[in-house]
Structure formats: C-alpha cells, structure tokens
Amino acid sequence: MIVARRKPLEEIEANIQGFSRLLVVGCGTCMAVCQAGGEKEVEILATQLRMRARLTGRKQKIDEIVLPRQCDREFFEPLDGLVGNYGAILSTACGAGVQFLAERFEEVPIFPALDTLFIGVTEAPGVWAERCSACGKCLLDMTGGICPVTMCAKGLLNGPCGGTNRGKCEVDPQKDCAWTRIYRRLERLGRLRLIEQITPPRDHSVLVRPGRYSLQSAAEE
Amino acid sequence: MALTFREACSTKSFVVTAEVGPPKGTNVAHLMELVSKLRGTVDGINVTDNQSAVMKLSSLAACRLVLEAGGEPILQLTCRDRNRLALQSDLLAAWVLGIRNVLCLTGDHVRIGDHPAAKPVFDLDSVQLLQLVGRLNAGQDLAGNSLDGAPNFFAGAAVTPGADPLEPQLLKFRKKIVAGAKFFQTQAVFDLDELKRFLDRAQPDGVTILAGIVLLVSPRMAQFLNENIPGVFVPDRLIDRLASVPKEKRLNEGIRIAAELVRAIRDQGLCQGVHIMAIGREEKVLEILHAAE
C-alpha cells in the first residue's frame, strides 16, 4: 500500500484559512490503513481545524466526507453537486488521489493534507516501512526477495558499499544493510550463484516518468 | 624520467601513494605546497572526490594541477554525484588533460556530508564504473557507440579488509577484479593479523594491493575511527601507546606507528605497497616514509 503522514497543522491551516467553506475529503483504502487519512483521521483533522478557526476568530464551515478511494473515478460520484458548495477541498489522499480529484474538479482549489512517503508494509502496529520503489523492472528473483534498489540507500546492484558496518547501513545505523541481508539469505538458500555475476546498470528507459500503463496497448505489443 | 603509477605497480617491489584533498574554495596554495613536497617521493598522488560527501573543488581539476606541478595524479571518481553521461564525459576529459589513473568508488552517501538535502545519484555502482572504464578503454561508450579517440586508463578500486561480515565484501572484491580493477587501495589497516586474514581469503593474484595507512594523531581520533568508520579497527594497544605520551609528542608517536606498519607490510611482503592517508597532515607523509626506512 501507499504510506503517508499528515502535514503539520500549521501548514494545512496556512493553505485553507482564506476559505469560508471547506470540504475535507478522506480516502478509505491505503490512507485508512496507514492511519493518515481515513474516516477517523478526517474526523480528527476537521475537528482540529474547527477548533483553530474558533480560537483564531476565523469564520469557517468545515464539512467531511470519506470516499472509498480517490484514485478511481467511480468513487467521485458523491462529490458531484456537492463540491460546488465549497470554496476549497482539503484531501487526505496520497499525491495520486489529490491530483485525480483536482483533475475532476477543475474549478475548485484542492490542497493536500498529507505528505506521501512510500510504497510499504505494516511492520508493527503503527509502524510502516518502505519495500518497493516502483522502478519498473523487478529484480527480486535474483536478490533473495530483498530489493537492492529500495532497501540499499544507494540502490547498489553488485554488493555492499564500504559503508556497511556489522550488518547496518552508513546512512542510518538503525537500518539493516540490504546487501548483507541479501548475501545471508542467498547463502542460507544455497543460491549465492545468483549474485556472483556482475549485474549491469539499470535501464531507466523502462519507466519514463510519469509512468502510464494500458492493458490494451500491452496486448497490442 | 619518473615512473608512471602503472609502471610502478608492475615493476617496483613496493609502491607508495599518498592521498590529498582539494580545498573547499579556490585557494589551492596549500594543495600545491603538498604536491611540491610529495612529487618524486611517492608513486602516485591520490586526489579525493568530494570526500565524505563534503563539497570541495573537483578532483579532476586538482589532478590536472598535480600533473602540472610534476606529480602523478590518481583521480578518485565516485558514482554519487554523476550519472553515466557525466561519468563518461568526465573520464574523457580527464584523459585529454593527461590523467592516466582512476580510482573507481561508489562514494559516501550525501546524507552524511555537508549537503544532506542533495539528490544522491548512484546511477552506476563501483563495479559498473570499472566496467565502464574498460569500455571506454576499448573505444566504446556505455551505449555501444564508437569513440573518436579512446583513453587507456589504469583503473583501481577500494576494499575494506576489516569489513564485518567479510564474505559480501569478498564477493564485491572479486567482481571488481573481473570488472577490470588492476590496483586496490584498502581502508585503513592497523591490525596486521586482520590484513593477513583478508589476504588469505581474498587471494588477490594479479592485482596490486596498497594497504591503507592512516596517520593517528590522538587517542581520541583512534576512538573516533573505531566508533564511526566502518571496517576500521584500531587495537587498544595503539590507543594506549598514543595516550601514554604527552600531548605534544602524540603526532610523532602517530608517525612512528604509521612507519612501523609501513615497514612491517613491506618487510613481510604482505602487500605490494601502501596508500597513506595523513588526513589534514599530509606534509607528514615524508616523515612517515623516512621513519619506515
């Protein structure tokens, strides 16, 4: 899933303070799971903003709605006929959802309430960690299911750098050295031969940003 | 006529290189003073490339200055700040400026340097960079296009004998040899048993290994290395030795320790040479070499 964290309240407030009617739009899939912008978080954010409005003497009506997802048009329907009543929308979707919403409602300013962080997993309750960079060419078959592009701070493809230290990373000693993990796992599996050959440089042309993928054109190829 | 670094590696029984860092700014007076002292004494002057991800004058320009001043420069080139186009054009530039030796490094992450907000590049890694040098030497760029005039670099790489765990380091070391590294300079070595263990495991036939010698100037510096530099281990007996002499004599004690290491490596024939890193005290390299005789 996509993982995000809420922006500081001051930053959000600075964006929305000039609008007398504000709609906070939640996102009920990834953002609910990572506790950044689902139903509960939207309620908290809207309440905080209302309190701040009252404290600072700002006249502002703030309403809430939560969509199942903001990355699929079919879920936008409840907003049709509703958005026109508001001066601005505050979205608690990831960056993709915010943009998709902005494309649909061109006449209204849309603000992000979150900073989108990464594609990740739930490591422990309340702890999420990155696992995938969406690089367009998966290498996990040769690296023991541990991604060197994402899990190595330098994205190295041919083994650890000189900064690796007792299995930890020079960039952050709290984090594991991906190449030490890859080596040990392949050693356990008896598959070290997978990384004995030199891996050539990545082909960045497989995914030119912004990425786009269509089933139909894939079938035609 | 002095030997080139490549010639020294193939003919001399003991090769010595010294490391210098370009200035942060345009004042190259100190650098030039060091070069005038080191040239003729060492077989190569190794110029760092934004070392520790701290922004400095470019290694390429400093190497040219070393050359003009009569030294034999070794260009350090990291993958941190340049993508494959920039690496190739800088290598071609280095060749036409007369630079013949290149040390291919991954580079420290920008996060630990003085511009932590910078975008780290790492388009290639050190193994791929070595292969790239080989491609250019063979008259082709990385995309397979022919070059109009090819370089003929003498390429090397780094290795950490004290890496923990050692096996992944050995895997990369072997890849670097396959990728074309002809010489290696090691991370700082203080414990010769550790170096011997590495050499036993690595069996580095056909390449020149230069053992890294760092000049210790205080017990605090030794402790700092132990705590902060991966794969560097200063034994307690050396720290105690530095601590046992008065402050004003510690630099001399450090010079003596470095000289003893150089002498032992040379006399026991452990490596084909040494690479001396007298960080901030580069003028002391001559004293270390003199004391090691």
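In S8(B), Gly273(B) is the bridge partner of Leu210(B). The pairing belongs to a predicted model. Strand S7 (residues 208–214) and strand S8 (residues 273–277) of chain B run parallel and are joined by 5 bridges. Both strands belong to a closed barrel of 8 strands in chain B.

**Barrel**
- The strand order in chain B is S1-S2-S3-S4-S5-S6-S7-S8, and the pairing is parallel.
- From one strand to the next, the twist averages 25 degrees.
- Strands of a sheet pair through backbone hydrogen bonds, either parallel or antiparallel.

**Helix on the strands**

**Interface with chain A**
- Chain B puts 30 residues in contact with 24 residues of chain A.
- On the side of chain B that touches chain A, the elements giving two or more residues are helix H5 (126–137) and helix H6 (167–178) of chain B.
- H6(B) provides the largest share of that side, with 7 residues.
- By residue class, the side of chain B that touches chain A divides into 13 nonpolar, 8 polar and 9 charged residues.

**Confidence**
- The average pLDDT of chain B is 96.
- In chain B, 100% of the residues score at least 70.
- For the model, ipTM is 0.94 and pTM is 0.95.

Technical notes: Residues are numbered from 1 along each chain as its sequence is written. Chains are lettered from A and ligands numbered from 1 in the order in which they are written. This is a predicted model: local features need pLDDT of at least 70, side-chain atom pairs count only at pLDDT 80 or more; totals for chains, interfaces and linings use all residues. Two residues are in contact if their C-beta atoms, placed from the backbone, lie within 7 Å. Helices (H or I, at least four residues) and strands (E, at least two) are DSSP runs, numbered from the N terminus. Ala, Val, Leu, Ile, Met, Phe, Trp, Tyr, Cys and Pro count as nonpolar, Asp, Glu, Lys and Arg as charged, and the others, Gly among them, as polar. Two strands pair if DSSP finds at least two bridges between them. Axes are lines fitted to C-alpha atoms, for helices over the stretch in contact, and angles run from 0 to 180 degrees between N-to-C directions. pLDDT is the predictor's confidence in each residue, from 0 to 100.
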